[in-house]
Amino acid sequence: MDFSTPRESQPLLNQKKSNQKPQKWPFRGILFGLLFLGALYLLYVFIKYEIQPASNDTTKTWKLKHVSSIATTNDDYVKQCAPRVKCDPNAKYRSLNGSCNNLNTPTWGAEKTPFFRLLNANFSDGYYKLRLQSNGSALPSPREVNIKVFLDQEIYHVDENNVLLVPFGQLIAHDVSGLFLDIPGNGKGGVVDGCVDANARKTYTQCQMVVDNPPDDPVYAKHNISCMGLFRSLTSRNYSCPLYPTAFVNNNTHFIDASEVYGQNLDYSLHLRMMEGGRLNFSINNNGEMFCPFLANKNLDLTVHSIKDTEYDTGDPDNGNQNLGIIAMQTLFLRYHNYIAFKLSTLNSNWSDEILYQESRRIVIATIQRILYKDFLPIIIGEDFQEAYGLNEENIYDPTINPSTSQEFSTAAYRILHSLIPVQFNFINKDYKTEFSVNVTDWMRESNLIPIRNNFDKLLKGFLETPGRLIQSSYNYFISNFMLAKPNQPPYTGRDLLTIDIVRGRDVGLQPYNYVRQFCGLPLANDFEDLVDLIHIKDIKKLKGLYNTVNDIDLMVGILLEKHSDGAIVGPTAQCIMADSFYRYKAGDRFFYDVQGQPGSFTKDQLKVIQKITFGHVLCATTNVDDIQDKIFKVVDHNLFPTNKLKCDEYYLDLKEWEELNDHTEL
Ligand code: HEM
Ligand SMILES: [Ca+2]
């Protein structure tokens, strides 16, 4: 036995019998004194910043708490305007417009109902006018904020996540949120041209948020473009529901229910269907590949842009054609629906078109929900945070939870992922060669590339194999200057997405960053310097030069600048806002895929199948892309980690649990 090693229970300091005399009072006194002062200081810090007693992981103590709305207006729509809806409590399938999901409040989560608010709206007149700074002056031009705070600090590095995060993230955005523009007519049968002339600004309330570009604007000044014409958003007043303060309407269903694939209401959904074999309408290209139905030259919104050449008919008429990434997702899930419908029809030859359509729709929605909660969200808000927030737990439906998208989520928190948008999309072939790349901003509202030369497969391979833009506060230079340029005109006739996002937050009356941060359990900053816990001092200095007080900073700006939380790609305030909406989409959705005991629930065995479906299954069922990583949003080098690339045989989708459904469930 080695006696030189002290026994564990033996305090190390007592190990050696020291000949020294015990230390005397003055030394101990100083030590205790210092400790006492230290404790007092800590107490002061704890009180000042309302820090809760820490567990091992201090960040988790406040994160675990669910936020609950402190807005007083969330019931106004239901009380004052909601139509009476008669629901069938035994309906097996969710409605197309989201109504009757909640049997007590049937309009919760339905299309064309107002966004939920976490905090009350903030308008300078308490009703509709844009917020001002606390001293009554106008807020800084968002374009100037972008130029001074964000644009000059772009980092040209890539991430371990791949580009697929962008189109999939956008697909979810278009599922849960649709803020339409309130475009005024010019009295001559046309519409006001972008609010750019001074007269329009004076005449139309919808033109109140035109953004002035600073005179030294690095891009627009030399072309004499002095402002960015923008319209305000549609309000509940546009739908004959005059709420006070102004409420903004979601034109999509709030639920994660693939409404961008199926449409937001019954009429529109019928127009998208073949009415045969449960399938959705489609077009075929020269290679016999399936796409969303081609629509030639249909103009959607000529005031902002015009549509060129190939356009597709999708469940999301407003945004489905916005860029190549989203059109790829629309195509992918249309094909997936039709693939499932075909499979189910071979298993159940007696099923009607309606049953095939609804059963396929149910599986498509479940697939999107699975990918979102299992693969996408942990990357965004962090795995530990997601776990701690209870977002991984088996779903227990709670009818008291309002499933509606929060305004803070749709017009700020979820938009910060715009910073992930890459400059280019790569078209990569089966041999992992990039055949060509295109600028995302050169190909907006134009889809001609998609249906030719196997480009669709190459674009998807490109999403998987291209490392994403490093997560950072700035948006890329192109999307910050040249988005949606006028057709056949130079790029500088385009727009700045970050400017739009900041001003959109003012449009819908979001509270400033400091108050939302406090709502999320973080300390309220008394002055700019107090932000240093989450925002870099160099950014604080810039904010000081732009905003009057710390209470004036736009929510979008503050959350973009926040340091990211451990394991997440966003900071704590964005985590808090996002987790809230994603929690309510789940716990407040009676048809969420894993809810049991409802007329629309999957059987236990079907659920087991659903729980195995991944993005790889979707790709293998619908494209020629092969060798797909299980961790779908990560870049996996095929040379270094060949075994992490799985062949499509491993993504076989077996739906025999749906065979002769009458044996499993009642129809
Ligand atoms: C190439 C990719 C993308 C482009 C070009 C793009 C562009 C846009 C544009 C122009 C708007 C409307 C702005 C306004 O007038 O208020 C918008 C809205 C929005 N975007 Fe993106 N976006 C992209 C990707 C994403 C991604 C990856 C996310 C999130 C993961 C996202 C989330 C949102 C949200 C939540 C809205 C508000 C939707 C609404 O309520 O109507 N977008 N985006
Ligand atoms: Ca939806």
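These legends walk through several close-up views of the predicted model above.

Residues are numbered from 1 along each chain as its sequence is written, while chains are lettered from A and ligands numbered from 1 in the order in which they are written. Because the model is predicted, local features need pLDDT of at least 70 and side-chain atom pairs count only at pLDDT 80 or more, whereas totals for chains, interfaces and linings use all residues.

**View 1. The surroundings of ligand 1.** Around ligand 1 there are 21 residues, where a residue counts as near if its C-beta atom, placed from the backbone, lies within 6 Å of the molecule. Gly169, Ala173, Ser177, Leu179 and Leu417 are the closest. Helices (H or I, at least four residues) and strands (E, at least two) are DSSP runs, numbered from the N terminus. By kind, the shell holds 10 nonpolar, 9 polar and 2 charged residues; here Ala, Val, Leu, Ile, Met, Phe, Trp, Tyr, Cys and Pro count as nonpolar, Asp, Glu, Lys and Arg as charged, and the others, Gly among them, as polar.

View 2. Just after the helix, look for Gly509 with its positive phi of about 75°.

**View 3. His418, a residue with an annotation.** The unreviewed UniProt entry marks His418 as "binding site"; such annotations may be inferred rather than shown by experiment, and the positions follow the numbering used here, with feature names shortened. You will find His418 in the loop between α12 (407–411) and β10. His418 counts as buried because 22 other C-beta atoms lie within 10 Å. Leaving aside its neighbours within four places in sequence, His418 is in contact with Tyr475, Leu497 and Asp501, contact being C-beta atoms, placed from the backbone, within 7 Å.

**View 4. The largest nonpolar core.** This core has 151 residues, and such a core is a set of buried Ala, Val, Leu, Ile, Met, Phe, Trp, Tyr and Cys residues joined through C-beta atoms within 7 Å. Val364, Ile380, Ala413, Val557, Ile559 and Met578 have the most contacts inside the core. Helix α10 (residues 353–381) supplies its largest share, 15 residues. Beyond its neighbours within four places in sequence, Ala413 touches Glu408, Ile559, Ala574, Ile577 and Met578.

View 5. Strands β10 (residues 424–428) and β11 (residues 434–439) run antiparallel and are joined by 5 bridges; strands pair if DSSP finds at least two bridges between them. One bridge links Asn426 with Ser437 of β11. Among the 5 residues between the strands, Tyr432 takes a positive phi near 65°.

**View 6. Backbone angles in the loops.** Most residues other than glycine have a negative phi, and most peptide bonds are trans. In the loop between α8 (266–272) and β6 (283–284), Met275 has a positive phi of about 65°. Met275 is exposed, since 11 other C-beta atoms lie within 10 Å. The bond from Tyr244 to Pro245 is cis, with omega near -5°, and Pro245 sits in the loop between β4 (227–228) and β5 (249–250).

Conventions. Buried ≥ 20, exposed ≤ 12 C-beta atoms within 10 Å, placed from the backbone. Contact = placed C-beta atoms within 7 Å.
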